[in-house]
Amino acid sequence: MRKTLTSLGLLAAMSAGSAMADETVDVGLIFSLSGSGAVLGTEMQKGADLALEISGGKLGGLDARFVYEDDQRKPDVGKTAAEKLTRSEKVDFIIGPSYSNVMMAVHTPVVRSGTILISPNPAPADLAGKSCNENYFAVPFQNDQPSEALGLYLNDKGISKVFVVVPNYQAGKDVVDGFKRTFKGEIVSEIYTSLEQNDFSAEMTEIKSRAPEAVLAFMPGGLGVQFVKQYDQAGLKSQADLYTIFTVFNGVSLDAIGAAADGVYSVDQWTYDLDNAANQEFVTAYRAKYGTLPSNFAAMAYDAVRLVDGAVTAAGGIEDKDALRKAIKAASFQSVRGDFAFNNNQHPIHSMYLAKVSQDDEAGALAVKREALIVEKMVDSFAGDCGLE
């Protein structure tokens, strides 16, 4: 799937005497837009499109062009898309992809081309430490951070036995590593499933037999819908609280899961009810355009586009790549998270929250709502291994 958006008004809206009149900011966006991973990619597309619309079709005052590529959640397809965007389209920025396995495939060809790569979701541990790169920025988190924060929270709550289940790919392994880094209790079972799995009956049976005090599940996209439904159907909610990492999210996921999601916990760097002006503007605009609350994925893609907008403004255009990188690292924009800054490894320093699925009276539906602050200004665990300053 390929979609091109060009800003309205084009050069007629620019001052005739402007030195930048002939410049266009070309942004390639690689998302999973088909197949079982599309639930994440389409949410990101909504967030990115909304950010461009709010900025009047311009980024940093320049006309903007979006070129979408569908990676189908396949690393080889993502790599081909990255090579096309850097070589044929010659884009100035790439935002994407949606999943960590695809990120590991697209990262090298993009950063080696000199193109700035901005992640709206995946941030594998391998790219945060020794393999950090001046052309790579992770907007949402470092993959390990949510589960690290959950480990701290469960320690404080006195939980000593946890069952862990994640997909068998990079992000799943990062989640487990992060949790082990902070959790002081016992992991009674550690299961890695297929990214294509839909039947979790065997896992539900083992959870019952292990009798944990809590369950940690990272199940992205459609996996989360099935897992949470089956967890509820198995009667496990009364046995062990379900804590998730990017498994339940507003809009598509909660609509598909329904009442089974009620009471499920999530650990997030953003929730729709954060009280800051940038977030309120985003949530209001998203609800007006799409008729539902935004997901975490839409919010991070929105932030990624706003980051580009602020950087192009601060750098005075797109020609000076050093100035652009400097402006991105300075986070020259207002994040929907409020407290956002980049660390030396170009991964965020920000707060992490415990959220819970409960009724939103205004929306008249279930929503992932903030419950508590877990960590303020959290730094990821790999920044010290990065040689960037």
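Colleague: Is C132 buried or exposed?

Modeller: This is a predicted model, and the value is computed from it. A residue counts as buried when its relative accessible area is under 20%. C132 has a relative accessible area of 13%, so C132 is buried.

Colleague: Which residue forms a disulfide with C132?

Modeller: The idea is to look for a pair of cysteine sulfur atoms within 2.5 Å. Here the partner is C386, and the two sulfur atoms lie 2.1 Å apart. C386 is likewise buried, with a relative accessible area of 8%. A search of the whole structure finds one disulfide.

Colleague: Why is the disulfide of C132 and C386 described as right-handed?

Modeller: The handedness is read from the torsion about the S-S bond. For C132 and C386 that torsion is about 90 degrees, so the disulfide is right-handed. One may then read where the two ends sit. C132 belongs to the loop between strand 6 (116-119) and strand 7 (136-138), while C386 belongs to the segment after strand 15 (365-378); the pair therefore ties together parts that are 254 residues apart in sequence.

Colleague: Into which domains is the protein chain divided?

Modeller: Domain 1 covers 23-141 + 276-346, and domain 2 covers 145-268 + 352-378. Taken over C-alpha atoms, their centres are separated by 26 Å. The contact between them takes 22 residues from domain 1 and 22 residues from domain 2.

Colleague: How many cavities of 30 Å³ or more does the structure hold?

Modeller: A cavity is a space in which a 1.4 Å probe fits but cannot get out. The structure holds two cavities of 30 Å³ or more.

Colleague: How does the lining of the second largest cavity divide into nonpolar, polar and charged residues?

Modeller: That lining has seven nonpolar, six polar and one charged. It comprises 14 residues, of which V248, F249, D268, N296 and V368 lie nearest the centre of the cavity. Strand 12 (265-268) and helix 10 (296-315) each supply at least two residues of this lining. Domain 1 and domain 2 each contribute at least three residues to it.

Colleague: Which residues does a cis peptide bond join?

Modeller: The angle to inspect is omega. The bond between G96 and P97 is cis, with omega about -5 degrees. P97 sits in the loop between strand 5 (93-95) and helix 3 (100-112), and P97 is buried at a relative accessible area of 0%. Leaving aside neighbours within four places in sequence, P97 is in contact with I30, D71, V102, M103, V106, P120 and P122. P97 also lies 8.2 Å from G41, C-alpha to C-alpha, although 56 residues separate the two in sequence.

Colleague: What does I118 touch, not counting residues up to four places away in sequence?

Modeller: A contact list shows which parts of the chain meet at one residue. I118, in strand 6, touches F93, I94, I95, G96, F137, V139, A304, L307, V308 and I328 on that count. At 0% relative accessibility I118 counts as buried. Y136 is 18 residues from I118 in sequence and 6.0 Å from I118 in space, C-alpha to C-alpha.

Colleague: Where does D92 lie?

Modeller: D92 is in the loop between helix 2 (75-87) and strand 5. D92 is buried, with a relative accessible area of 10%. Beyond residues up to four places away in sequence, D92 touches T24, V25, D26, T115, I116, I318 and K321.

Colleague: What phi does Q72 have?

Modeller: Q72 has a positive phi of about 60 degrees although Q72 is not a glycine. Q72 lies in the loop between strand 4 (62-70) and helix 2, and counts as partly exposed at 34% relative accessibility. A211, not a glycine, has a positive phi of about 50 degrees. A211 is placed in the loop between helix 6 (201-210) and strand 10 (214-217), and is partly exposed at 46%.

How values were computed. Residues numbered from 1 in each chain as written. Predicted model: local features only at pLDDT ≥ 70, side-chain atom pairs only at ≥ 80, totals over all residues. Heavy atoms only, no water. Helix = DSSP H or I, 4+ residues; strand = E, 2+ residues; numbered from the N terminus. Buried < 20%, exposed > 50% of the residue type's maximum accessible area, 1.4 Å probe, protein only. 1 Å grid on protein atoms, 1.4 Å probe; cavity = no way out; pocket = protein on both sides within 12 Å on 5 of 7 lines; lining within 4 Å. Points joined across faces, edges and corners; volume = space filled by probe spheres on them. Nonpolar A, V, L, I, M, F, W, Y, C, P; charged D, E, K, R; others polar. Domains from an automatic or database assignment. Contact = heavy atoms within 4.5 Å.
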